[in-house]
Amino acid sequence: PGSKPQTWVPVGTEVVDEDGYLKRKVRDDAPPGMSRRNWEFVHRLVWEQHHGPIPPGHSVAFLNGDKSDIRIENLELITRRALMARNTVHNLPKPLAELVQLRGAIKRQINRRSRQHG
């Protein structure tokens with residue numbers, strides 16, 4: 001008790017998550033089981049440093065699509081609705097959109113059968 005776990009890192013540590021976003025540890029005092037609250041996305045921190053808090057229902061997006069390019073000139077504030085429209089499968093070329101939908105159908109079938117037999 002009272003010892004820090006092996007995975008502990010100091011405040012200010014930056015890591016790239018599995019989706020390619022840079023995150024920074026900003027605190028060390030989140031309640032047990034809520035350690036993800038100790039981390040913030042760096043692009044959101046940069047936006048807030050220049051423009052203030054991000055309003056509810058909005059997201060900070062990358063203009064050039066490069067998640068590693070965290071310059072203020074490359075960031076824009078958009079509504080979550082606009083972000084969803086930008087990232088929709090319908091913006092993909094038709095063959096790729098069909099593959100994405102087919103993959104989803106296959107995953108649903110696998111999950112359904114796993115629940116039935118699991």
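**Pockets, sheet and a glutamate contact**

The lining of the largest pocket holds seven nonpolar, four polar and four charged residues. Here Ala, Val, Leu, Ile, Met, Phe, Trp, Tyr, Cys and Pro count as nonpolar, Asp, Glu, Lys and Arg as charged, and the others, Gly among them, as polar. The model is predicted: local features need pLDDT of at least 70, side-chain atom pairs count only at pLDDT 80 or more, and totals for chains, interfaces and linings use all residues. Residues are numbered from 1 along each chain as its sequence is written, and side-chain values use heavy atoms, with hydrogens and water left out.

Stay with the largest pocket. Its space is about 340 Å³. A pocket is found on a 1 Å grid over the protein atoms alone, as an open set of points where a 1.4 Å probe fits, with protein on both sides within 12 Å along at least five of seven lines; lining residues have an atom within 4 Å of a point. A volume is the space filled by probe spheres set on the points, which are joined across faces, edges and corners. Of the 15 lining residues, Tyr21, Val60, Ala61, Phe62 and Leu83 lie nearest the centre. H1, strand E4 (58-62) and helix H2 (80-86) each give two or more residues to this lining. E4 gives the largest share, four residues. Helices (H or I, at least four residues) and strands (E, at least two) are DSSP runs, numbered from the N terminus.

The second largest pocket has about 210 Å³ of space. Its lining includes Trp8, Lys25, Asp28 and Trp39. By class, that lining has six nonpolar, three polar and two charged residues.

Now the sheet. Three strands form an open, antiparallel sheet in the order E1-E2-E3. Strands E1 (14-16) and E3 (39-41) are at the edges with a single partner strand each, so one side of each has no neighbour in the sheet. The twist averages 30° from one strand to the next. Strands pair if DSSP finds at least two bridges between them; E1 and E2 (residues 22-25) have three. Val15 has Lys23 in E2 as its bridge partner. Helix H1 (residues 42-51) packs on the sheet and touches E1, E2 and E3; its direction makes about 70° with that of E3. Contact means heavy atoms within 4.5 Å. Axes are lines fitted to C-alpha atoms, for helices over the stretch in contact, and angles run from 0 to 180 degrees between N-to-C directions.

Finally, Glu76 lies in strand E5 (residues 75-79). Beyond residues up to four places away in sequence, Glu76 touches Trp47, Ser59, Val60, Ala61, Leu63 and Arg86.
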